[in-house]
Amino acid sequence: MLTMTEAAARRTALAAQGFTDPRPTTVPSRRHLLRVLSRVQLIQLDSVNVAVRAHYMPLFSRLGAYPMDLIDDAAWSHTARKPRLLVEKWAHEASLIPVEDWPLLHLGKRPGWWRHYEQIVNSSPGLVQEVLAAVKELGPIGAGALERAILGEGAKRQKGTWWDRSDVKHICEYLFGLGELTTGTRRSFERLYDLTERVVPPEVLGRQVPPDDAARELVERSARALGIATEPELRDYYRLAPDANRRAIASLVEDGVLDLVHVEGWSRKAYRHIDAKTPRQVKGRALLCPFDPLIWERDRTERIFGFRYRIEIYVPEPKREYGYYVFPFLLDGELVARVDLKADRAAGLLRAQGAFAESGVDKARVLPELAAELRLMAGWLGLSGVAVGKRGDIAAPLAKLVR
């Protein structure tokens with residue numbers, strides 16, 4: 001078994017996630033998007049829009065300012081010159097995955113969160129066919145428009161006669177979970193459902209992958225994205241079943257794709273992808289949204305970076321420690337600060353409502369780098385400047401730097 005220091009494991013993880021790749025010096029293109037995808041493998045979606053929608057941020061963290069339509073075009077449009085690169089699927093959570101990965105995650109009627117809607121399916125079997133027929137005729141279409149098409153504008157629930165409006169939405173989610181529907185496009189982030197066969201190319205849709213083979217391919221992708229990871233972390237990346245994950249790891253170790261590693265200070269054994277790099281140093285800076293794959297597994301984040309991080313959206317405001325939507329700040333391979341960010345579009349400002357340095361960091365080194373990254377993010381979002389609030393130990397000096 002190989003032995004690595006904690007610092008080497010941290011650098012390995014950062015390199016795997018693309019944080020040792022230099023940011024482009026020209027306007028980022030589809031080629032740069034593909035490079036990031038080759039690192040992170042998938043991009044998580046989330047509806048929170050207090051600063052910027054989560055799926056846009058991982059590219060900014062790795063590329064700097066880039067045109068957001070890179071993501072929009074790759075995920076929600078298709079032309080002969082620019083074919084669709086990404087499709088929506090439940091993976092880590094609701095995620096954008098490469099189109100060619102669809103068969104790995106579409107394994108028929110496997111259990112998922114959507115099983116909670118099976119009661120509606122069983123009690124109203126005709127509704128599934130109604131939804132599919134309406135989407136076939138009208139799609140891409142939103143759930144609200146589907147409700148009106150199926151129930152009529154003035155329809156109200158009458159038990160035994162009409163379905164409830166929420167039933168239509170739940171059946172859409174059920175069929176999305178099963179993979180019979182996916183997102184054809186989005187309008188102001190509203191999901192417009194379409195038949196999967198009209199979104200995923202037939203040669204991809206028709207590819208059949210046995211479950212164990214699919215698990216092996218997904219674990220290999222997890223290992224590439226993480227660089228070095230424990231068994232639960234490899235499992236979490238695509239939310240795999242424990243038994244399937246362990247079988248896949250054993251197969252990959254046997255074939256030499258994963259190396260078994262002891263990391264000093266880690267209580268669990270780890271696995272390193274055979275192609276993972278361990279650079280001598282990591283330079284550069286990045287703001288990370290709460291759903292960035294580098295930090296979404298909170299226990300891993302704490303173990304690798306010594307950085308305890310929790311999202312406080314659902315914590316009552318008086319009990320929040322740092323703020324509503326906090327972005328960790330990565331500098332030269334360490335998480336050194338955090339800022340509570342909000343895009344105030346009416347005022348044209350990126351508001352850092354709180355700014356906090358980690359214990360023991362050199363604030364004189366961190367502050368100008370953080371100020372520069374906040375100004376870059378504001379410009380990328382089309383905002384005219386940065387305003388810093390009063391909360392946090394570095395708020396006052398940061399406010400002076402961003403003026």
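**Figure 1. Arg239 in the loop between α12 and α13.** Arg239 counts as partly exposed, at 39% relative accessibility. In this predicted model, Arg239 is placed in the loop that joins α12 (231–238) and α13 (242–254). Its phi is near 55°, a positive value in a residue other than glycine. Most residues other than glycine have a negative phi.

**Figure 2. Phe189 in the loop between β5 and β6.** A positive phi, near 70°, is also found at Phe189, again a residue other than glycine. Phe189 belongs to the loop between β5 and β6 (190–195). Its relative accessible area is 18%, so Phe189 is classed as buried, the limit being under 20%.

Figure 3. The bond from Gly139 to Pro140 is cis, and its omega is near 0°. Most peptide bonds are trans. Pro140 is located in the loop between α7 (125–138) and α8 (143–151).

Figure 4. Helix α4 spans residues 69–76, and its buried residues are Leu70, Ile71, Ala74, Ala75 and Trp76. The elements covering these buried residues include the helices α2 (30–40) and α3 (57–63). Strands contribute to the cover as well, among them β2 (43–44), β3 (86–90), β4 (94–98) and β5 (181–187).

**Figure 5. Helix α11 and the glycine that follows.** The 16 residues of α11 (residues 211–226) reach 22 Å from the first C-alpha to the last, close to the 22 Å expected at 1.5 Å a residue. Buried positions in α11 include Ala214, Ala215, Leu218 and Val219. Glu220 and Arg221 are also among the buried residues of this helix. Just after α11, Gly227 adopts a positive phi of about 80°.

Figure 6. The pairing of β1 with β8 (residues 258–263) is parallel and involves 3 bridges. Within β8, Val261 is the bridge partner of Leu2.

**Figure 7. The buried salt bridge between Glu88 and Arg186.** The closest N and O atoms of Glu88 and Arg186 are 2.8 Å apart in this salt bridge. Glu88 lies in strand β3 and Arg186 in strand β5, so the pair ties together parts that are 98 residues apart in sequence. Both Glu88 and Arg186 are buried.

Figure 8. The side chains of Glu369 and Arg285 form a salt bridge with an N to O distance of 2.8 Å. This pair links distant parts of the chain, with Glu369 in helix α15 (residues 363–380) and Arg285 in strand β10 (residues 285–287), 84 residues apart. Glu369 is partly exposed at 29% relative accessible area, as is Arg285 at 26%. Arg23, Arg285, Glu369 and Glu373 are joined in a network of salt bridges. A further salt bridge forms between Asp332 and Arg365, whose closest N and O atoms are 3.1 Å apart. Asp332 is in the loop between β11 (326–331) and β12 (334–344), whereas Arg365 is in helix α15, 33 residues apart. Asp332 has a relative accessible area of 26% and is partly exposed; Arg365, at 35%, is likewise partly exposed.

Conventions: Residues numbered from 1 in each chain as written. Heavy atoms only, no water. Buried < 20%, exposed > 50% of the residue type's maximum accessible area, 1.4 Å probe, protein only. Helix = DSSP H or I, 4+ residues; strand = E, 2+ residues; numbered from the N terminus. Contact = heavy atoms within 4.5 Å. Expected span 1.5 Å × (residues − 1). Pairing = 2+ DSSP bridges. Salt bridge = Lys/Arg side-chain N within 4 Å of Asp/Glu carboxyl O.
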